[in-house]
Amino acid sequence: MSSRFAWLTSTSLAVAGLSSGCLFDSGRSAPLCATDTAMSIDTGASISHAAGIDAGYYAQYTAGGHWHVEWTCDTRLSAEGCNFTGTITVDTPPGGAAPACFQCEPDDILNATAVGGQTQLDFDTITSSGIDGIDIDGVPGHPMQLTLQIDGLYQNDLVFVPSLGRTAVPACMPLELTPTGP
(Lines give C-alpha, C1' and ligand atoms only; values in the text may rest on other atoms or scores of the structure.)
Protein backbone atom coordinates (compact mmCIF):
# COMPACT_ATOMS: atom_id res chain seq x y z
CA MET A 1 0.00 0.00 0.00
CA SER A 2 2.63 2.55 0.98
CA SER A 3 4.38 2.22 -2.38
CA ARG A 4 1.19 3.36 -4.16
CA PHE A 5 1.30 6.67 -2.31
CA ALA A 6 5.07 7.08 -1.95
CA TRP A 7 5.67 9.02 -5.16
CA LEU A 8 2.67 11.33 -4.72
CA THR A 9 3.44 11.89 -1.06
CA SER A 10 7.15 12.52 -1.40
CA THR A 11 6.74 14.79 -4.41
CA SER A 12 3.81 16.94 -3.30
CA LEU A 13 4.74 17.10 0.36
CA ALA A 14 8.39 17.84 -0.26
CA VAL A 15 7.27 21.05 -1.93
CA ALA A 16 4.75 21.74 0.87
CA GLY A 17 7.41 21.05 3.50
CA LEU A 18 9.81 23.55 1.96
CA SER A 19 7.24 26.32 2.17
CA SER A 20 5.74 25.46 5.57
CA GLY A 21 8.83 25.24 7.77
CA CYS A 22 8.28 21.51 8.42
CA LEU A 23 11.02 19.08 9.28
CA PHE A 24 11.40 15.68 7.64
CA ASP A 25 11.57 12.72 10.00
CA SER A 26 14.07 10.15 8.74
CA GLY A 27 12.34 7.10 7.31
CA ARG A 28 9.07 8.92 6.62
CA SER A 29 7.77 10.10 3.28
CA ALA A 30 5.92 13.14 4.66
CA PRO A 31 7.06 16.01 6.85
CA LEU A 32 6.60 16.43 10.58
CA CYS A 33 6.27 19.88 12.10
CA ALA A 34 8.11 21.15 15.14
CA THR A 35 4.73 22.51 16.34
CA ASP A 36 1.13 21.71 15.42
CA THR A 37 -0.06 22.76 11.98
CA ALA A 38 -3.10 24.97 12.69
CA MET A 39 -6.15 24.86 10.41
CA SER A 40 -9.75 25.94 10.77
CA ILE A 41 -12.53 23.43 10.20
CA ASP A 42 -15.89 24.67 8.91
CA THR A 43 -18.60 23.94 11.48
CA GLY A 44 -21.29 21.65 10.05
CA ALA A 45 -19.43 20.91 6.79
CA SER A 46 -18.36 17.52 5.49
CA ILE A 47 -16.48 16.14 2.51
CA SER A 48 -18.07 13.54 0.22
CA HIS A 49 -16.05 10.41 -0.34
CA ALA A 50 -16.63 6.82 -1.45
CA ALA A 51 -15.85 3.96 0.92
CA GLY A 52 -13.19 1.64 -0.46
CA ILE A 53 -12.22 4.10 -3.20
CA ASP A 54 -11.25 7.53 -1.80
CA ALA A 55 -8.44 6.60 0.60
CA GLY A 56 -7.74 8.90 3.51
CA TYR A 57 -8.95 10.56 6.68
CA TYR A 58 -12.02 12.85 6.67
CA ALA A 59 -12.67 15.24 9.58
CA GLN A 60 -15.98 16.83 10.54
CA TYR A 61 -17.10 19.13 13.37
CA THR A 62 -20.73 19.73 14.35
CA ALA A 63 -21.81 22.62 16.59
CA GLY A 64 -21.77 21.83 20.28
CA GLY A 65 -18.34 20.17 20.37
CA HIS A 66 -19.12 17.02 18.35
CA TRP A 67 -16.17 15.65 16.34
CA HIS A 68 -16.28 12.86 13.77
CA VAL A 69 -13.19 11.55 11.98
CA GLU A 70 -13.52 8.63 9.59
CA TRP A 71 -11.20 6.86 7.21
CA THR A 72 -11.30 4.45 4.30
CA CYS A 73 -8.82 2.68 2.05
CA ASP A 74 -8.82 2.30 -1.75
CA THR A 75 -9.28 -1.47 -1.49
CA ARG A 76 -11.84 -1.64 -4.31
CA LEU A 77 -9.11 -0.30 -6.61
CA SER A 78 -5.98 -1.83 -5.08
CA ALA A 79 -7.28 -5.09 -3.52
CA GLU A 80 -5.24 -4.19 -0.40
CA GLY A 81 -6.33 -3.01 3.05
CA CYS A 82 -4.77 -0.13 5.00
CA ASN A 83 -3.60 0.13 8.60
CA PHE A 84 -4.84 3.43 10.06
CA THR A 85 -3.21 4.52 13.34
CA GLY A 86 -3.09 7.72 15.29
CA THR A 87 -3.81 9.86 18.29
CA ILE A 88 -6.68 12.33 18.67
CA THR A 89 -6.90 14.70 21.64
CA VAL A 90 -9.75 16.99 22.74
CA ASP A 91 -10.44 19.15 25.77
CA THR A 92 -12.82 17.08 27.92
CA PRO A 93 -16.26 18.70 28.32
CA PRO A 94 -18.02 18.71 31.73
CA GLY A 95 -20.21 15.70 30.78
CA GLY A 96 -17.25 13.65 29.50
CA ALA A 97 -15.90 13.02 26.01
CA ALA A 98 -17.96 9.85 25.30
CA PRO A 99 -15.57 8.45 22.64
CA ALA A 100 -16.91 5.75 20.35
CA CYS A 101 -15.45 3.71 17.53
CA PHE A 102 -17.52 4.30 14.36
CA GLN A 103 -18.25 1.15 12.30
CA CYS A 104 -15.21 -0.60 13.74
CA GLU A 105 -14.71 -4.36 13.74
CA PRO A 106 -14.00 -6.41 16.91
CA ASP A 107 -10.23 -6.51 16.28
CA ASP A 108 -9.92 -2.72 15.82
CA ILE A 109 -8.36 -0.91 18.80
CA LEU A 110 -9.56 2.32 20.43
CA ASN A 111 -8.08 3.36 23.78
CA ALA A 112 -9.27 6.47 25.63
CA THR A 113 -7.08 8.03 28.33
CA ALA A 114 -7.69 11.06 30.54
CA VAL A 115 -4.64 13.35 30.43
CA GLY A 116 -5.22 16.34 32.70
CA GLY A 117 -8.27 18.17 31.32
CA GLN A 118 -8.08 16.35 27.99
CA THR A 119 -9.17 13.02 26.53
CA GLN A 120 -6.63 11.26 24.31
CA LEU A 121 -7.70 8.56 21.87
CA ASP A 122 -5.19 6.14 20.42
CA PHE A 123 -6.47 3.94 17.61
CA ASP A 124 -5.26 1.14 15.36
CA THR A 125 -7.60 -0.24 12.69
CA ILE A 126 -7.31 -2.27 9.54
CA THR A 127 -9.74 -0.83 7.00
CA SER A 128 -10.50 -2.25 3.59
CA SER A 129 -13.61 -1.50 1.51
CA GLY A 130 -15.58 -0.04 4.43
CA ILE A 131 -15.27 2.92 6.76
CA ASP A 132 -13.90 3.08 10.29
CA GLY A 133 -13.80 6.15 12.47
CA ILE A 134 -14.14 7.90 15.79
CA ASP A 135 -16.86 10.03 17.35
CA ILE A 136 -15.88 12.16 20.34
CA ASP A 137 -17.25 15.18 22.16
CA GLY A 138 -14.98 18.05 23.12
CA VAL A 139 -15.51 21.47 24.63
CA PRO A 140 -17.58 23.46 22.09
CA GLY A 141 -15.36 25.67 19.92
CA HIS A 142 -12.11 24.24 21.31
CA PRO A 143 -9.55 22.67 18.95
CA MET A 144 -8.81 19.00 18.37
CA GLN A 145 -5.23 17.74 17.94
CA LEU A 146 -4.48 14.87 15.56
CA THR A 147 -1.44 12.83 14.61
CA LEU A 148 -2.41 10.38 11.86
CA GLN A 149 -0.67 7.66 9.86
CA ILE A 150 -1.57 5.22 7.11
CA ASP A 151 0.49 2.03 6.91
CA GLY A 152 3.02 3.53 9.35
CA LEU A 153 3.61 6.66 7.25
CA TYR A 154 2.55 10.27 7.68
CA GLN A 155 0.57 10.77 4.47
CA ASN A 156 -0.72 14.28 5.04
CA ASP A 157 -2.03 14.56 1.49
CA LEU A 158 -4.60 11.94 2.51
CA VAL A 159 -6.03 13.98 5.40
CA PHE A 160 -9.04 16.01 4.23
CA VAL A 161 -10.59 18.93 6.13
CA PRO A 162 -13.48 21.21 5.12
CA SER A 163 -11.78 24.56 5.70
CA LEU A 164 -12.77 28.05 4.55
CA GLY A 165 -15.33 26.66 2.09
CA ARG A 166 -12.99 24.22 0.35
CA THR A 167 -11.26 20.88 0.91
CA ALA A 168 -7.85 21.44 2.50
CA VAL A 169 -4.97 19.15 3.48
CA PRO A 170 -2.40 19.88 6.18
CA ALA A 171 1.22 20.51 5.26
CA CYS A 172 2.44 18.24 8.03
CA MET A 173 1.61 16.52 11.34
CA PRO A 174 0.68 17.04 14.12
CA LEU A 175 -2.49 18.90 13.16
CA GLU A 176 -4.67 21.22 15.27
CA LEU A 177 -8.19 21.83 13.95
CA THR A 178 -10.14 24.80 15.32
CA PRO A 179 -13.87 25.05 14.55
CA THR A 180 -15.20 28.18 12.86
CA GLY A 181 -18.11 28.16 15.32
CA PRO A 182 -18.80 26.64 18.72
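Biologist: Is Cys104 buried, exposed or partly exposed?

Modeller: In this predicted model, Cys104 has a relative accessible area of 24%. Buried would need a value under 20% and exposed one over 50%. The value for Cys104 falls in between, so the residue counts as partly exposed.

Biologist: Which residue does a disulfide join to Cys104?

Modeller: The sulfur atoms of this disulfide lie 1.8 Å apart, and the torsion about the S-S bond is -70°, a left-handed link.

Biologist: What is the handedness of the disulfide of Cys73 and Cys82?

Modeller: This is one of two disulfides in the structure, with an S to S distance of 1.9 Å. Cys73 is buried at 0% relative accessible area, and Cys82 is buried at 1%. The torsion about their S-S bond is about 55°, so the disulfide is right-handed.

Biologist: How is the aromatic pair of Tyr57 and Phe123 arranged, and what is the angle between the planes?

Modeller: The structure holds seven aromatic pairs. In the pair of Tyr57 and Phe123, the rings are 6.3 Å apart, centre to centre. An angle over 60 degrees counts as edge-to-face. The pair is edge-to-face, and the angle between its planes is 65°.

Biologist: How many residues apart in sequence are the parts that this pair ties together?

Modeller: Tyr57 lies in strand β3, whereas Phe123 lies in strand β8, residues 118–127. Tyr57 is buried at 1% relative accessibility, and Phe123 is buried at 5%. Ring pairs also link these two with Trp71 and Phe84 in a cluster. Because Tyr57 and Phe123 sit in those two strands, the pair bridges a sequence separation of 66 residues.

Biologist: Which residue in β11 does Tyr57 stand opposite?

Modeller: Strand β3 covers residues 56–62 and is joined to β11 by two bridges. The two strands run parallel. Across from Tyr57 stands Val159.

Biologist: Which residue in the turn between β11 and β12 has a positive phi?

Modeller: Three bridges join β11 to β12, residues 166–168, and the strands run antiparallel. Pro162 stands opposite Thr167 in β12. The two strands form a hairpin with two residues between them. The residue with a positive phi, about 55°, is Leu164.

How values were computed: Residues numbered from 1 in each chain as written. Predicted model: local features only at pLDDT ≥ 70, side-chain atom pairs only at ≥ 80, totals over all residues. Heavy atoms only, no water. Pairing = 2+ DSSP bridges. Helix = DSSP H or I, 4+ residues; strand = E, 2+ residues; numbered from the N terminus. Phe/Tyr/Trp six-rings, centres within 6.5 Å; stacked < 30°, edge-to-face > 60°. Buried < 20%, exposed > 50% of the residue type's maximum accessible area, 1.4 Å probe, protein only. Disulfide = S-S within 2.5 Å.
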